[in-house]
Amino acid sequence: MFATESGGLIKIESGERRLSMNSDSDMIYYSLEDRTYRRTNMNDFVEFRYIDGNRIARLLPESEKQLVANNFYGNVKEASLEYPFLKKHIKDYNFLKSRGNELMRIYGSRIPVVPPDRYFSLYVKISRGCPWNQCTFCELYRDQRYLPLSFDSFKEQVEKLSIFFKNSVTSMNGIFLGDANAISMGSRALNEYLFFLNSKLHMPLYAFSDAFTTPLKNIDFIKLKNAGVKRIYIGIESGNSAVLKILNKKINLKSAGEFIKKIKDAGINIGLIVMSGFGKDHVNDTVNFLKSIVYAKGDIIYISPVKEYNEFREILIENGMEKETGQKEFEYDIIRTRLKESINIPVVVYNLDEAIY
Ligand code: SF4
């Protein structure tokens, strides 16, 4: 058995079992036998397993969450006999549930999505919802009107989060500015918010943006870079105009390329998100679009296999784009392989089912 605490993070190894939690006693990862569990800050539990070589992710129901959490803290209790510093971290499922509920109260709603490399960032809302909110494939912020938070609400949220994660904020790998387009609120106000944030919690900053509603100019991106913005994630979805029309994503691909260039010229990294599952023309045009961008170390490309919830499936059927089984996974492989032939940055999956905070 082995246990350490460093930088706001606790790790325990006991035989085949691996446990990690933060110094505020929140379970993070638990690996045993053939499966691993990740607990999100909002208290969802995602189980990962490999079946026939395929990685399967599953969200656990409440009853299973309880079993996993209580088993986790049972191991912490056992380890505390040898490592007494763990005694104060012996908790149970009710503790985790109340932590998740408290975080929900601080944010005022669930956090529906984060980029896959931001699971361990501190989520700070600057605005609610999405200024566009009309893409046919997206139901992330459907019930919310886009609204920047007032400066007072923002300050209060930052103060509360600092207390909530008081022992573990040092373990986080940055701050994610929520929700769908925090940087769309206008440059002057944005810089005021970021100045306050930096005075409280000095960490690299990350945010989503779309490539068609954000009104920022070159100089604004330079200010964002100076304020600590490290990477901006942009949903491009497709390099094919006909597919973009069906998705109701108002991207003009030439303008999107110019928008990306402005960000990159300011020295900010990009995370470009495209989808898989829309057919041969989509694959070719998307690969060509992505290849037209000049990348740098720190940029990432994400491929997100399309999620066909009921309403969107009907739109696809209406447009003769019904999927064959396995098509989106097949296209994922083709897009990734073709990009990796000439682009030397990570090209990885963005699975919406597990990209939760
Ligand atoms: S721009 Fe992004 S968040 Fe907004 S509706 Fe489209 S996909 Fe959803």
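A residue is called buried if 20 or more other C-beta atoms lie within 10 Å of its own. By that criterion, 37% of the 357 residues of the chain count as buried. The structure discussed here is a predicted model.

**The chain as a whole**

The chain contains ten helices and 16 strands. Its C-alpha trace spans about 60 × 50 × 40 Å along the principal axes. A compact globule of 357 residues would have a radius of gyration near 21 Å, and the chain agrees with this expectation because its own value is 21 Å. Among contacts with a separation of 6 or more, 73% join residues 24 or more positions apart in the chain.

| Helix | Residues |
|---|---|
| H2 | 93-107 |
| H3 | 151-164 |
| H9 | 310-318 |

**The pair H2 and H3**

Two packed helices are described by the angle between their axes and the distance between the axes. For H2 and H3, the axes come within 10 Å and cross at roughly 165 degrees. Angles over 145 degrees count as roughly antiparallel, and H2 is therefore roughly antiparallel to H3. The crossing of the two helices is left-handed.

Which residues of H2 and H3 meet? From H2 come Glu102, Leu103 and Ile106, and from H3 come Gln157, Lys160, Leu161 and Phe164. Sorted by class, this contact has four nonpolar residues, one polar residue and two charged residues.

**Phe154 in H3**

Helix H3 also holds Phe154. Is Phe154 buried or exposed? Phe154 has 20 C-beta neighbours inside 10 Å and therefore counts as buried. When neighbours within four places in sequence are left aside, Phe154 is in contact with Ile126, Leu149 and Tyr193. A residue elsewhere in the chain, Ile334, lies 180 residues from Phe154 in sequence, and the C-alpha atoms of Phe154 and Ile334 are 43 Å apart in space.

**Helix H9**

Helix H9 is hardly covered. How many of the nine residues of H9 are buried? The count is zero. After H9 comes Gly320, with a positive phi near 65 degrees.

**Summary**

In this predicted model, H2 and H3 form a left-handed crossing at roughly 165 degrees.

Terms used: Residues numbered from 1 in each chain as written. Predicted model: local features only at pLDDT ≥ 70, side-chain atom pairs only at ≥ 80, totals over all residues. Axes fitted to C-alpha atoms, helices over the stretch in contact; angles between N-to-C directions. Helix = DSSP H or I, 4+ residues; strand = E, 2+ residues; numbered from the N terminus. Parallel < 35°, antiparallel > 145°, perpendicular 65-115°, else oblique. Left-handed = near helix turned anticlockwise from the far one by under 90°. Contact = placed C-beta atoms within 7 Å. Nonpolar A, V, L, I, M, F, W, Y, C, P; charged D, E, K, R; others polar. Rg over C-alpha atoms; globule rule 2.2 N^0.38 Å. Buried ≥ 20, exposed ≤ 12 C-beta atoms within 10 Å, placed from the backbone.
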